[in-house]
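Hello,

The structure we talked about is below. My notes on it follow.

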Amino acid sequence: MEDLIAVLTSWSVQFMAALVFLYVLLKSFKRVRYTAGKRPPGPPSLPLIGHLHHLLFGLPHHSFTKIAEKYGPIVWLEVGALRLVVVTSSDIAREVLKTQDHIFASRPPGIMTDMVFSKGQDLVFSPLNDNFRRARKVFTTELFSQKRIDSFKDLRRDMTLRTLRTGFEEGHANRYITLADLLHKDFLNLTTRMLFRMDMDGHAQTKDLLEIIYDIMHTGWFVIEEVFPLLKPLDLSRQVRRLKNIGERYSELMDSIIDNRLKENSNSKSNTEEDLLDVLLAMSNVSRDQVKVLLLDIIVAGAETSPDTIVWAITEILRHPNIMERLQSELDDVIGKERLVEEADLKNLEYLQAVVKETLRLHPVVGLGIPHFSTEATKVSGYDIPANTRLMVNLYAIGRDAKVWENPLKFDPSRFLNSPVDVRGHHHELLPFGAGRRRCPGMNLALVSVAYNIAQLIHACTISLPEGLTHLDVDVEEKFGMTVARGNPLNLLIKRRLPLDVYRRAGLQLSGV
Ligand code: HEM
């Protein structure tokens, strides 16, 4: 009897829930207001969900590329209650990120923004307002000025030598390493050392921090309640609750890190090296909440993008033995075999720089950029775009546009030799870091870290694929998450390439490798 009551109760609850769900969906649908004007073209939409299905199946940057092939370089999509314009050509990218940047440089509101990033008090998720202007200035003049980037040079060197050491130790024991795992761990360490002087391996609070970072990076950023806002109070997907919990855990942990630091600073007269937490705490116009979320921006936007780019570069180099040979001979000519590469050498490595650009062209890890948001109604390419429309620029497809790039799918760094085209947001056919007011403020740091690590891996290491595999077996399957990263693990055997003494002189103590 009790069982029967339980079944009946659960059925009636489910039935009621379904009714509420349908009601809310219909209300959400009605909320989509159509304003007069000529919209860009787009595929036919389904009732209620609009074009949601295009986002749910397959990799979004591929789905958007296919839609653009059929409907053109500017496309209008409706995803539940959200209006979205997707741009897939360099000309229209120039129009929205340069000519009309002032209209499109905001960010849409969102549940992640509210729950984890203190309602957009950070930089990445801040709408276009005074907070944005202040945070942007803090990033460009304080956190990632050239002087500050230079001040972390030794940390970067340290980390790269650590990567080599792990690679050699594993290689010596004939064990394959998964390149992305190794680089993610080392770059996260580098990031937490820049932020808090904290090494992930040796600090009590880092276990909690690691867990929270993992949750933020791997909790789906797609929140169905954002698409159907009236569902938000019901939180059927439990995402709202989950994000709220993550935000609270992060905020509490940062409170204890900040309190410790303030205590340390008042107790000690010692002149410990300044980290980014010190820099922010010393600024009178940055609140404690802002300190927390600005640091989180650096972890979220910076920790995986550079290592994933390096993995793509090594993938392409391994697929092309002629490119490996040419790069190695440039490194041997410029550096020789008597010392390791240093960051100061990078400006003299022209082919290496071309390899970096070509990697960023074919594999921009932030493939769809970060959504922008229009603050007023405007016209783009002759179409009417209302205020409060999300804008995505398909950076991935623009880098592969056959109208602009010869042999677009071929990995060919030499296309950049003697070419004025760079990746810094001035040439709209190549926008791995975006352009305009929202251009990536970590670009200079990323470019130096990526080039330096590729150079070390190719100059100081012999890299082999698992036995029986050749360059033809290295695939370029992708996965779409926080970044567009390699889908399958790249397992490699890494051994020393130069005489033992070279590593010792560089400060890398190797025993028996
Ligand atoms: C290869 C590495 C990287 C790539 C390809 C990359 C790419 C991008 C892209 C495409 C955007 C969006 C631009 C837009 O909204 O139009 C962006 C924004 C951003 N990136 Fe990066 N990024 C990289 C590394 C980094 C690093 C290392 C940091 C910091 C340490 C960083 C911090 C940021 C921040 C804070 C934003 C938001 C800027 C804003 O909203 O105003 N990025 N990045």
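Helices (H or I, at least four residues) and strands (E, at least two) are DSSP runs, numbered from the N terminus, and two strands pair if DSSP finds at least two bridges between them. This is a predicted model: local features need pLDDT of at least 70, side-chain atom pairs count only at pLDDT 80 or more, and totals for chains, interfaces and linings use all residues. Residue numbers start from 1 along each chain as its sequence is written.

Four strands make an open sheet with mixed pairing, in the order 1-2-7-4. Strand 1 (74–79) and strand 4 (372–373) are at the edges with a single partner strand each, so one side of each has no neighbour in the sheet. Strand 1 pairs with strand 2 (residues 82–87) in the antiparallel sense over six bridges; I74 has V87 in strand 2 as its bridge partner.

The ligand. The shell around the ligand holds 26 residues, the closest being A301, G302, G434, C440 and G442 (near means a C-beta atom, placed from the backbone, within 6 Å). Helix 15, helix 16 (305–319) and helix 20 (443–460) each give two or more residues to this shell. Helix 15 gives the most, with four residues.

Regards
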